[in-house]
Amino acid sequence: MTDTMAAPGAVLLQSTVRPGRRLRNVAATVWMWGALLVALIPLGAVIYYLVSKGIAVFNLSFLTEDIPASPRRTGGGMGPAVVGTLIITLTAAVMAIPTGILGAIYLHEYGAKGKLAAVTRFMADVMSGVPSIVMGLFIYATWVLVFGLSGFAGALALAALMLPIVIRSTEEMLRLVPNELREASYALGNSKWRTIVTVVLPAAMAGITSGAMLAVARAAGETAPLLFCVGVTSKVNWNVFSGANTALSAQIFANAQTPFAGAQERALGAAFTLVAIVFLLTVLARFISSRYSVKTR
Amino acid sequence: MSDLDLRSHADVTESQTAADPEAAPGRPTADPSSVEPSAVAPSEPEAAAGPGDEGPLDPSQAVFELADLAVHYGEFCAVRGVDMTIRKNEITAFIGPSGCGKTTVLRCLNRMNDLVVGARVTGQVLYHGVDLYDDRVDPVEVRKRIGMVFQKPNPFPKSIYDNVAFGPKVAGIRKKADLDEIVEEALTKAALWDEVKDRLGKSGIGLSGGQQQRLCIARTIATRPEVVLMDEPCSALDPIATARIEDLMAELKHEYTIVIVTHNMQQAARVSDRTAFFTAEVNDIDDTRTGLLVEFDATERIFSTPTDQRTENYVTGRFG
């Protein structure tokens, strides 16, 4: 009698988990943490290397001074490349981000399962797989040969690279907005377009911004399409539409392969500057999206 | 501004003064012929509200007139054979088993089915004599007058204030003072004001389920619709929150016409003046279900002396 009474509770004290399962659990946990460490090592090493080598050459005048005409010279700065990277990337972003977001709105909110939407989606996928140098070659053949080298030609190539990233990431974010919110807006007598502007986009804003920033960061680091679209200059050129320009990524490529210590230092400084710019842009985007994104408290 | 033209201002002010439910039936009406039905219609829910024998219906009391309504999704017929008249300042409940088309019919009343790809509505839905599915009717205008509260509370991920002010802003009201007033009025009517007045800037998502649903009701009535459609508004709520929303409905019906879909028969019996019982027929060929309206009558009669055997089986619990 007492035995049977005690049994239901006592069962809890003896585990029925088999030893094999415990072992697999430990193994999986160790593997997971190990993989995390392995992934962190190269990231940490790159940042350590860049900061330790780059910080030595990095200062305010490095950001503003012209690039020395001869790679043999030491000192000088990366002013033209900083300006070039900023204005070329900005121009590309201005072209690609609004177009991409509008394209994604069409794909998800209007086109849905239509033929045009399917074709557009497919083309965006194909475009995101096109190597950047091919995009550069395309702009070289269609634009540079006609209008000459300019920052804008580089921006066109970068915009073409950014566009599919923006379209697909934005579409994913729009998909995450619950349909109930759209219905609630319609039920209040809101039109479709205003529902998108006042309800859907704000709800998806954080994700859309992240996707757009990812595209910007990718574009800022691109080298190949800039090499033959933008040209090279050692003087600051604020005019994105005419004259040869240069960019940090192109300067890293050019300077790092010279045998001269001064140029190599500048390459490291440029690499550090580029990473810092991308980092700042990411922080800025996080800040902006947190201000406009979903309020949960 | 045109969206306000259809609703009679006289009615709103009258019923606002008649906050006491007892006072409502005695409310003066312009048209003498309407005295007979309206004297009985807006009575207390507990009195089971029988508008009684279908006397001559004053046309001005009919908000919706449905005739031979059917809805298809592609080839599939979701519901058919719906004939009913929904009257002003009454609560009309739709009850019936799952898949019988209650929600589908409800969503016909403010053209929400337009949003479903492949949905097709046949038959007639008259709103104050105007066919809602006439080509000239703009669904956006329809939804400004016929609001909807959904099954799952769906506040926008915005502040409480912005949730309620959303509809009025859509209607073009921009002045802060006007919006403040509307927000307070709507939240007060939805019995939520005291709970949220100190945190209007906080997100609507942070409220409890019952509060969120009352926020959604406030958001709907802030646009001052004539009709409020409710699609199982209490199915996600606990009994206390449900009771609050039912009390709220009893209050609101003096100003609004309410149509509610519910799975809860007690709820229909408690709050509604008229009840429509739907059921689902299984089609032998492809095993799909088509809903149809079985019986539509005063709530009291549906629950005490239904004329159809199927209604009786359902309300007595012999068939679910």
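The second largest pocket has a volume of about 400 Å³, in a model that is predicted. A pocket here is an open set of points on a 1 Å grid over the protein atoms alone, where a 1.4 Å probe fits, with protein on both sides within 12 Å along at least five of seven lines; lining residues have an atom within 4 Å of a point. Points are joined across faces, edges and corners, and a volume is the space filled by probe spheres set on them.

In chain A, H4, helix H9 (192-221) and helix H12 (261-292) each give two or more residues to the lining, and H9(A) gives the most, eight. Helices are DSSP runs of H or I with at least four residues, numbered from the N terminus. The lining has 17 nonpolar, three polar and no charged residues, where Ala, Val, Leu, Ile, Met, Phe, Trp, Tyr, Cys and Pro count as nonpolar, Asp, Glu, Lys and Arg as charged, and the others, Gly among them, as polar.

Now turn to the largest pocket, with a volume of about 700 Å³. Its lining of 24 residues includes His108(A), Glu109(A), Lys192(A), Leu115(B) and Val117(B), which lie nearest its centre. The largest share, five residues, comes from H4(A). By class, this lining holds eight nonpolar, six polar and 10 charged residues.

Residues are numbered from 1 along each chain as its sequence is written, and chains are lettered from A in the order in which they are written. Totals for linings use all residues, while local features need pLDDT of at least 70 and side-chain atom pairs count only at pLDDT 80 or more, with side-chain values using heavy atoms and leaving out hydrogens and water.
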